[in-house]
Amino acid sequence: MHSKYIIVGSSHAALEAATAIRLIDAEGALTLLTRDAHLPYSPTILPYLVSGRARPDKVVLRGQNYFRDNAIAYVPGAAAVSLDPALESLRLESGETWRYDRLLIATGAAPALPPVRGLDDVPFHVLRSMDDAVDLRQAIGQARSAIVLGAGLIGMHAAENMAKAGVAVSVVELQPHVLSGYFEPRASAIIERSFARNGVRLVLGQSLASVERRGEGCLATLADGKTIAADLLLVCTGVKPNIGFLDGSGLEVDAGILVDDWMRTSLPNIWAAGDVAQARGFWGGKVVNGILPNAVEQGRIAGLGMAGDAGVKPFPGAVPLNTYSFFGQQAISVGRGRGHAGAGCQIEIEESGDEAVYRRIVLEDGRLAGIATINDFVDAGIMWQLILRRTDLSPVKAAFIADPRRVGRQLMSQIWR
Amino acid sequence: MGKCFSTLQFHASRCDGCGDCMTACAQAKADTDDPAYARIRILPKTESGGVELALCRQCADPVCVMNCPSGALSKNGDSGVIDWAEGKCVNCLLCTAGCAYAGIVYEEAVGHVTKCDLCGGDPACVKACPNEALEYRTAARIFNDYADKEDMFCRGLAACHGCNSELLIRHTMRMVGPDSVVAAPPGCIPGMGTVGYNGQTGAKVPIFHSLLTNTATMLAGVKMQYNRVGRNVTAIALAGDGGTSDAGFQSVSGAAERNDPILFICVDNEGYMNTGMQSSGVTPYGSWTSTTPVGGRMQGKHTEAKNLPVIMAMHNCSYVATASTAFLEDYYAKLEKAIEVAKTGMAYLHVYAPCPTGWRFPSGMTTQVCRMQVRTNFIALWEYDPGNGLRFTHPVNRPEPVAEYLKLVGKYRHLSEEQVAHIQHTVDAKIAYLQQLTQMAASRGP
């Protein structure tokens, strides 16, 4: 089989790349190969499928009509197992071989499993695919107790869902605070209090030493020797890029596939975007920034490049970003929570709030480096722009710190005018 | 071809920050006065003095839609609005991370994200604004309806840089279409090549080069012959102001008096620009022209322009209107009526056509000059028919001083303060006179 453009994957990076290619090239054969059996959906929606707020048939991002109208071949159930760059071909699990002129790898990430003794021998859940979500929802319906391993976004979302479903939940996290990748301790504490009030048991600063089977469920032993028994074990200890099928291809990889600012890999005619790619970090280095808006932007850049658009702009660099809802409350984090260590720039940190409301603003040389809020809405898109544009906030610093939402909107309105 | 959409325009300079738009929006969307529910957000003045705005731009490449993991946001192909489906939204706020305008935001009181939906094409905020700072622009209709229609003139017409007459005739004939016959008396329009050179024609429809003096009567005769052979065509004259107001006037006046079934368009550039910028009967007071020079004895034209469109209305022919190429929607509406009217009676359109070459302003400024003619009331946009009388189609209730218009145009550069004051007085008197005519129409009733 041959297709001018082949995109491996079917989530945000893949879909935006397909849209971008069709903006420039309306006719070149375009094929999406995806391991998943379903029409495209977002991994971000999975916790909402678990809670029942969203339904599997209602979260399709592109229907068959879209693919037909845009002359895109959508091939589900097609897992790539190897890449041969010399022959410009991909081999699928089915044995089928696909040749490409231009290839985008947007295979995303898969759950990273921790080295816990006995994990291989107990039934446990992960949450990365629609099938995972359907299984988990069903399991929650039958469980009375659960252990969630890992207090990241997916783990916290799932723990909340389980608590609301009446399940006794324990969250076990190695770090001393929840969501420590996004929030400083004082902010995490607000989230932690909210979970505790809703009956979720948080076991923080503890690693899991071992798990063993107990009937249909499991018995977990913590590093300090205490044990927790549960009907259901959910492992949410992060993700790792899906790059196993690239072994032997010669493609340069580190934590993910290394790409330049146009999402080109080390080999000709191969691009990578989204959670699988390791691209420029806004503050230097190359990072895997597994967030949805990042996948959208990278997918678009890759697609325009693949179609040969001369006007494509380079990737400005990854900025961490997160919007998180918990028990009807909102937490937002854009940029970084600490200043740039040792760079010789002036760092100012303004932290304010009380038991329920929180705001932290990090300025570097008068420019926004990060902002995090809880129950204090700020426009994440505007804050992101202020960071990317390195907008000088010194003339409005006091006003910005007092009311970042209003001043941010004013600044952007002025910039657009 | 792609589609264009109507849009909200914000004139920051006219906004005083009163917030009536926000109240109107909150009422329309949530039946409350609480501005938290408003989807348009006027931001108070900043240190630099301007009022700022946060509002959904209904982007063509909407990042909020791309960022939505639940399929709750989508670009509506018919209206152009970014639609939000409440039933699909999971309130993850990732859309807000994609928006650099604060066009989709979360408010705690509301409990979910909200964004402007243009009220289905009739925005409440626009109606509530006391200062005309918000405008609902619907000119996209012109592109959607006419962009695919055939241009009835050839490429490469040799009009001057910045000439809006070429723009005007191409727009006009797109709508009039191929079933037409065109009369073009001496002037810029034939001069730029519409009637052709060396036996080649510049138009894709029958076009003839009438005399200055006989355009309207000759066209009426041609139309009569088409009627006689059973062909329904639009007989249209594309004439200058010289061919209409001076040498051409007796035939235009006669056709109007007989209500001959023709569409006569006067493209008024206030003089004989094609032959060396001589003055005509509609050249305004104070204008420099080659026959009204500026020197020791004269300071430009010392007589007033006659108000030709009003004179034409006084003939009681079927339809008379004025137009400006800076207000194309207004023009299109009038042209649609005129084409229909010209099947049975005379339609006269008087289109103002500032001339960069003859009036001495930069060729990139034509549309701005057109716009300022209207904003200062130097010209008024109105229409007339015998049944309904005269009515303004784009009333300018708070006009800018006419000096703001005059200073854009080189032919007025020499004007003294007294002359400017005189012109302002003339403009005020002309508007007052037109207002009396509109009141007469109103008092006459339907």
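**Reading packing and pairing in a predicted model**

Guide: Leaving aside neighbours within four places in sequence, A:A17 is in contact with A:I7, A:L104, A:A106, A:A273, A:G299, A:R300, A:A302, A:G303 and A:M306; contact requires C-beta atoms, placed from the backbone, within 7 Å. This is a predicted model, in which local features need pLDDT of at least 70, side-chain atom pairs count only at pLDDT 80 or more, and totals for chains, interfaces and linings use all residues. Residues are numbered from 1 along each chain as its sequence is written, while chains are lettered from A and ligands numbered from 1 in the order in which they are written.

Visitor: Which residues touch the most other members of the largest nonpolar core?

Guide: A nonpolar core is a set of buried Ala, Val, Leu, Ile, Met, Phe, Trp, Tyr and Cys residues joined through C-beta atoms within 7 Å. A residue is buried if 20 or more other C-beta atoms lie within 10 Å of its own, exposed if 12 or fewer, and partly exposed in between. Here the largest core has 185 residues, and A:A17, A:L104, A:L234 and A:A273 touch the most other members.

Visitor: Why is helix 1 of chain A largely enclosed by the rest of the structure?

Guide: Helices (H or I, at least four residues) and strands (E, at least two) are DSSP runs, numbered from the N terminus. Helix 1 of chain A is largely enclosed because 10 of its 13 residues are buried.

Visitor: How many bridges join strand 23 of chain A to strand 24 of chain A?

Guide: Strands pair if DSSP finds at least two bridges between them. These antiparallel strands have 7, and A:Y358 stands opposite A:I374 in strand 24 of chain A.

How values were computed: Contact = placed C-beta atoms within 7 Å.
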